[in-house]
Amino acid sequence: MEMDFTRPEYYRNREDSWISFNERVLEEARDKNTPLFERLKFLSITSSNFDEFFMIRVASLKDMVHVGYTKKDIAGLTAQEQIAQILKRVQEVVSLQYSTYNRSILPALKQQGLEVVTRHEDLTEEQAVYADRYFEENVYPVLTPMAMDSSRPFPLIRNKTLNIGALIQKKGEGKKETTEFATVQVPSVLPRIIELPCGEGRAVILLEEIIERNIGKLFLNYKVACAHPYRIMRNADLTIDEDEAADLLKEIQKQLKKRQWGEVIRLEVEEGMDKQLLKILKKEFNIRGDDIFHINGPLDLTFLMKMYGMDGFDKLKIKPYTPQPVPALMEREDIFEAIREHDILLHHPYMTFDPVVNFVKQAAKDPEVLAIKQTLYRVSGNSPIIAALAQAAENGKQVSVLVELKARFDEENNIVWAKMLEKAGCHVIYGLVGLKTHSKITLVVRKEEDGIRRYVHLGTGNYNDSTAKLYTDCGLLTCAESIGEDATAVFNMLSGYSEPKHWNKLALAPIWLRDRFYELIERETQHALSGEPAHIIAKMNSLCDKEIIAKLYEASAAGVQIDLIIRGICCLKTGIPGVSEHITVRSIVGNFLEHARIFYFHNNGQPEVYMGSADWMPRNLDKRVEILFPLENDRIKEEACHILQIQMEDNVKARILQPDGSYEKIDKRGKVLVCAQDYFCKEAMERVKKPKDPVRDRVFVPAEPASEE
Amino acid sequence: MAVKMFAAIDVGSYEVGMKVFEFSPRREMKQIDSVCCRMELGKDTYNTGRISVKKIEELCQILNDFVRIMNSYKVSAYRACATSSVREARNHLLILEQVKRVTGLNLEILDNSEQRFLDYKSIAFGEKNFYKIIQSGTAIVDVGSGSIQISLFDNDKLVTTQNIRMGNMRIREKMADLVRHTLHMEEMAEELINNELASFKKMYLKDRQIKNLIVAGDYILELLKKPMVATDEFRATYDRIIDMRPEEIAREYGIPSESASLILPSMTIYKRLIEEMGAEQIWMPGLSLSDGIAYDYAQKNKLIYAEHNFEDDIVAAARIIAKRYQSNKSHIRNLESLALAIFDKIKKISGLDARQRLLLQIAVILHGCGKYINLSDGAECSYSIIMATEIIGLSNRERRVIANVVKYNTFEISYAEIMNQPGITEKDYLLIMKLTAILRVANALDRSHKQKFSNVRITVKDAELQIHVDTQQDITLEKGLFPPKADYFEEVFHIRPVIRQKKTL
């Protein structure tokens with residue numbers, strides 16, 4: 001009998017799975033083994049995560065409800081059902097967030113000598129004087145209080161800003177008291193955290209408390225009856241998630257008016273807000289029920305990231321890790337020569353990102369280099385790669401850069417440096433219509449004695465030297481002819497030329513990649529069916545593609561052992577009898593953001609290992625240009641397997657997905673503790689030490705004279 | 001030898017493409033880059049007779065980008081060729097001019113015979129089994145957008161090559177108007193082809209055994225997925241796709257969907273040919289004109305070595321024409337050896353090159369073909385036959401030179417008449433004079449068509465070209481008719497041919 005692996009009950013709602021991911025991040029913030037200031041960071045991340053989640057996902061779902069979009073999700077839920085389920089869970093997680101903040105973080109901070117004054121009423125006299133003076137000198141000049149009355153409508157409250165709402169009454173006159181609504185934005189140009197003078201230890205207060213304390217000064221002829229912070233999230237432009245985009249946009253175009261631009265989709269208010277004040281907000285923002293969050297603590301916890309940055313608390317933070325040199329490139333002047341010797345695998349941030357930057361920098365200066373081609377998705381503000389590309393163009397190299405303008409939240413930034421590259425003489429391509437170019441590939445064409453040789457860097461992460469210190473990613477440097485040819489074809493395709501007649505090694509989305517993954521999974525299924533050992537290990541950020549999951553279920557049912565290492569969303573359910581009994585899912589949430597995509601297929605003893613830029617998500621497989629590349633060199637294949645192996649052994653930061661959908665840490669009793677991220681850090685340091693040469697600092701000599709910068 | 005980079009640009013009827021090749025002593029010839037852009041120039045030409053300004057602009061934009069790519073590889077030489085879509089456009093000169101102005105590229109228009117010869121070269125170089133294949137009866141079928149070229153090989157030799165003006169885009173465009181009236185496009189396509197094929201079969205195929213069909217079209221390789229299939233495999237694929245819509249074919253076989261619409265007519269052409277010829281195996285080397293351009297460049301610059309002598313093919317094609325018009329074979333042989341011997345002796349004086357030697361040889365081979373039509377007006381008829389018969393590997397200009405040489409072998413040379421012909425330059429005029437002078441002298445030596453001058457030695461001494469002949473036969477006739485030819489020869493080359501008879505015995 002043919003099994004139907006696509007039944008909705010075999011799948012988990014993607015938002016639900018995402019909330020679980022944010023819970024795992026929150027768990028890190030709650031974990032007493034995590035250094036205190038790192039906990040602040042994790043807590044801050046959960047907060048910014050939720051913001052993005054509402055802006056993108058919840059907004060999309062709301063749109064669907066408005067336009068009457070009835071398509072059900074992977075787990076068989078309508079948009080309305082999803083929203084209800086999401087809000088219920090987010091409410092729970094948010095209250096856990098704040099109990100963590102209030103009951104665990106604040107006392108711990110105090111114990112470490114940092115007092116967060118949560119109510120301005122608790123300020124000491126000296127502090128109060130300081131705060132008031134700070135208000136007068138710094139805050140007052142930038143405040144714009146706005147009131148609403150019969151002649152003035154409700155003011156425009158901007159998305160994601162923190163505001164203080166107040167009820168005010170005219171002083172004197174003594175006639176019947178009319179209460180008016182007034183609001184003032186907590187200025188985002190000022191620091192949210194203000195350090196206060198303190199006898200011993202240190203103390204800080206939040207800006208909104210100082211404003212609240214002085215709010216009377218804003219409404220001089222009025223009496224302030226109450227004042228409370230609130231914050232809204234709007235369904236704004238540009239936030240439709242591309243996973244539904246095509247369908248949804250069609251629907252929206254059909255019923256243009258039904259989309260409620262700027263609609264408020266979340267209201268956060270201070271717990272215990274005055275009822276009358278809340279009523280006004282609810283009415284004006286047209287919001288109710290679970291869309292309103294009553295927050296027991298400061299709104300918008302992202303200020304904790306700023307607190308993390310306070311100096312003087314280094315012992316409460318993880319010592320910053322210095323990415324180590326790449327052994328194969330140590331004491332090498334010429335990166336091209338090193339690549340000619342053999343392929344080089346890079347594992348960031350354990351290994352430094354410098355080789356990738358140097359790859360471009362050297363190419364820019366090398367007289368033999370004819371051309372440099374690169375895809376850029378998200379780059380850091382002051383990117384050395386961009387500088388090197390511009391330099392290369394000025395040196396007369398042919399430089400082609402594909403700039404993806406559609407990178408979420410980054411459009412403006414991208415346009416600025418794209419223009420800069422054009423000015424420098426680079427040939428800038430703006431990607432393909434309707435497809436985001438998410439692949440990360442760099443091609444350097446060099447004219448050598450015996451002809452043209454192509455050097456290629458392929459990566460799993462963006463060409464961003466800042467995030468490369470925080471994201472775990474892999475990269476391959478190679479000059480294999482077959483990959484070089486494919487790389488040339490990739491750029492030709494991205495420039496609008498016809499696709500090549502065949503690919504040697506690379507598999508590209510949106511046309512070939514999905515089928516390639518099917519083939520690879522099905523091959524394991526076939527091996528399992530014919531009684532051969534079959535094994536898949538796949539590491540990625542998210543898994544929510546229905547067809548791929550169905551293939552995995554089919555493989556599992558055939559007896560393929562499938563081990564998935566998925567940091568974030570996972571719509572696959574484990575432990576369904578006859579469907580997914582042979583599948584394990586683990587999630588590693590650690591100090592670094594797990595970001596690499598690695599795929600291992602046992603292939604009956606002839607293992608194949610691939611890396612790439614794509615997750616198993618519909619958007620990656622169908623709507624983006626992505627590249628999957630094989631690792632062919634045995635040594636490098638082993639290295640990649642080793643990475644997977646250590647992650648599989650992690651019992652400190654790894655959590656296993658349970659059949660009930662929860663993630664649980666591994667029972668460590670009697671086991672040697674393995675924390676994959678720590679392990680790789682140590683290993684990278686060990687590897688660098690290995691050469692007997694004690695003059696290690698030679699490694700750190702910058703690869704070029706300072707004048708070139 | 002340093003590494004050389006060469007770019008071959010092909011401005012075709014439905015695609016504009018460029019391939020960049022590298023020639024290095026170690027690795028021979030290697031394709032480095034290949035870009036290709038969909039652009040249906042042929043659609044304009046075949047429908048309106050000209051290419052629109054908008055399309056030309058578009059073409060220039062693409063070519064400019066090609067120039068950028070060429071520069072990025074520091075390409076040292078290139079050849080940019082356009083084929084029928086530009087050739088047949090009434091505004092072709094303006095197109096070349098515009099391309100030159102905007103991109104700096106010298107775009108040249110290939111004659112059909114040149115183009116097919118390059119296609120053929122690409123196959124001969126690119127298909128590793130080529131020499132094995134052509135040992136037995138083989139047809140190369142090159143389906144272009146505007147016409148089909150069929151070349152027959154047997155025993156390693158080119159037997160004939162014919163052009164049928166019925167290409168895939170022509171068929172598609174013809175059918176486009178009719179598509180509303182029928183569901184069975186393929187039957188109509190077959191009917192369109194059948195008539196043309198019937199005459200080809202009667203004239204050239206006769207009862208020849210054609211075992212192999214080499215197919216030089218685009219995307220056929222993608223359809224059949226391997227470079228060689230047996231007839232029934234081809235048939236199976238044909239039956240499967242013939243009812244599919246182009247979009248379906250595109251999706252299933254990973255072919256650009258615009259190209260898929262041209263595949264159906266091509267497949268029908270192949271199918272009909274396979275049936276007519278009874279071919280057993282179909283080969284698809286998957287090569288293109290750009291490859292041919294590159295091989296041609298490499299061969300001419302001695303960057304690669306060709307096992308096959310392509311000039312032999314041109315000569316063979318000429319011989320087949322001569323045979324068809326029942327020329328005197330032994331006379332031709334004798335004349336060839338005389339004319340080429342003279343050519344070789346005076347090479348330094350004449351300043352002629354190897355290619356021109358080939359033209360002379362072909363002129364000799366074809367000089368008498370007109371007699372088949374009219375004995376008294378042989379030269380004029382020869383001229384007409386040559387002008388009407390495509391010879392693979394020769395450009396139209398070269399063919400015109402040959403036709404003139406043949407004509408003025410007997411006629412008085414007329415500057416005005418020659419220069420009036422299209423495409424003839426003064427340089428060509430000089431060439432015609434020189435080749436005619438040689439042909440006349442050689443021809444005079446075998447006036448009787450009896451090959452009296454078979455044992456000849458030629459020397460240059462002072463201002464004389466001495467033709468030493470070792471014969472017992474009476475050569476009074478030849479000697480008597482010789483002086484006017486010698487006069488003319490002397491006028492052209494400033495050296496006088498004289499006959500020295502040595503009577504042994």
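**Terms and their grounds**

Guide: Let us begin with B:Gln135, which touches B:Asn155 and B:Asp156, residues up to four places away in sequence being left out; contact requires C-beta atoms, placed from the backbone, within 7 Å. The model is predicted: local features need pLDDT of at least 70, side-chain atom pairs count only at pLDDT 80 or more, and totals for chains, interfaces and linings use all residues. Residues are numbered from 1 along each chain as its sequence is written, while chains are lettered from A and ligands numbered from 1 in the order in which they are written.

Visitor: Why is B:Gln135 called partly exposed?

Guide: A residue is buried if 20 or more other C-beta atoms lie within 10 Å of its own, exposed if 12 or fewer, and partly exposed in between. B:Gln135 has 13, and is therefore partly exposed.

Visitor: Where is B:Gln135 found in chain B?

Guide: B:Gln135 lies in the loop between helix H6 (130-133) and strand E6 (138-143) of chain B; helices (H or I, at least four residues) and strands (E, at least two) are DSSP runs, numbered from the N terminus.

Visitor: How many residues does the largest nonpolar core have?

Guide: That core has 345 residues, and B:Ala363 is one of those with the most contacts inside it. A nonpolar core is a set of buried Ala, Val, Leu, Ile, Met, Phe, Trp, Tyr and Cys residues joined through C-beta atoms within 7 Å. Helix H2 (residues 36-67) of chain A supplies the largest share, 14 residues.

Visitor: Which residues is B:Ala363 in contact with, beyond its neighbours within four places in sequence?

Guide: They are B:Ile402, B:Val405, B:Val406, B:Leu435 and B:Leu439.

How values were computed. Contact = placed C-beta atoms within 7 Å.
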